Amino acid sequence: MLTRWDLDRPQRRRAQAGFAALQRALGFTPDCDYPVELFSTHACRAILEGSALAAIIARASTCGIAPHTAQSDETEVLRSLLDQRLVVTHSSCLDQLTEQARALVRRTAHDPSALLRALGLDRAPQARI
């Protein structure tokens, strides 16, 4: 989930608890530690502009993604921005971050298809609702 501002610890806990309750109400079992990934626009921009993500992308298209790297904030942000999504409310900021992520992949990935496979994003498109 993308937030406009950074959330403090109590705000993050309340948001995560709310998402966990919603998931349970819908019949799902939420992840105990991270029922929802929360990133601010500031955090996403910092990750997309940082050298750590560029290095992950460069390695992933040739060597795959190591398990500890697959769970990193950098990889989670990239996966979230490149993956399919259900848009409830349009956000030009989200569109800009998504384009920034795509541009980074075009510049950095030796093999974009291999990167998408490593991220688990090479599946067939889902039906539109």
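Does Arg106 count as buried or exposed, and at what relative accessibility? In this predicted model, Arg106 counts as exposed because its relative accessibility is 56%, which lies above the 50% that marks the exposed class.

Side chains of opposite charge can pair when their charged atoms come close. A search of the whole structure finds two such salt bridges, and the other one joins Arg79 to Glu76, with 3.6 Å between the closest N and O atoms. Here both residues, Arg79 and Glu76, are buried, and both belong to helix 5, which covers residues 73-82, where they sit three residues apart, or about one turn of the helix.

From there the reader can turn to helix 1, which runs over residues 9-25 and so has 17 residues. From its first C-alpha to its last, helix 1 reaches 24 Å, close to the 24 Å expected at 1.5 Å a residue. Its buried residues are Ala15, Gln16, Ala20 and Gln23, and because they cover an arc of only 135° around the axis, they are on the same side of helix 1. On the other side of this helix, Arg14 and Ala25 are exposed. After helix 1 comes Gly27, a residue whose phi is positive, near 90°.

Terms used. Residues numbered from 1 in each chain as written. Predicted model: local features only at pLDDT ≥ 70, side-chain atom pairs only at ≥ 80, totals over all residues. Heavy atoms only, no water. Salt bridge = Lys/Arg side-chain N within 4 Å of Asp/Glu carboxyl O. Helix = DSSP H or I, 4+ residues; strand = E, 2+ residues; numbered from the N terminus. Buried < 20%, exposed > 50% of the residue type's maximum accessible area, 1.4 Å probe, protein only. Expected span 1.5 Å × (residues − 1). Arc of directions from axis to C-beta.
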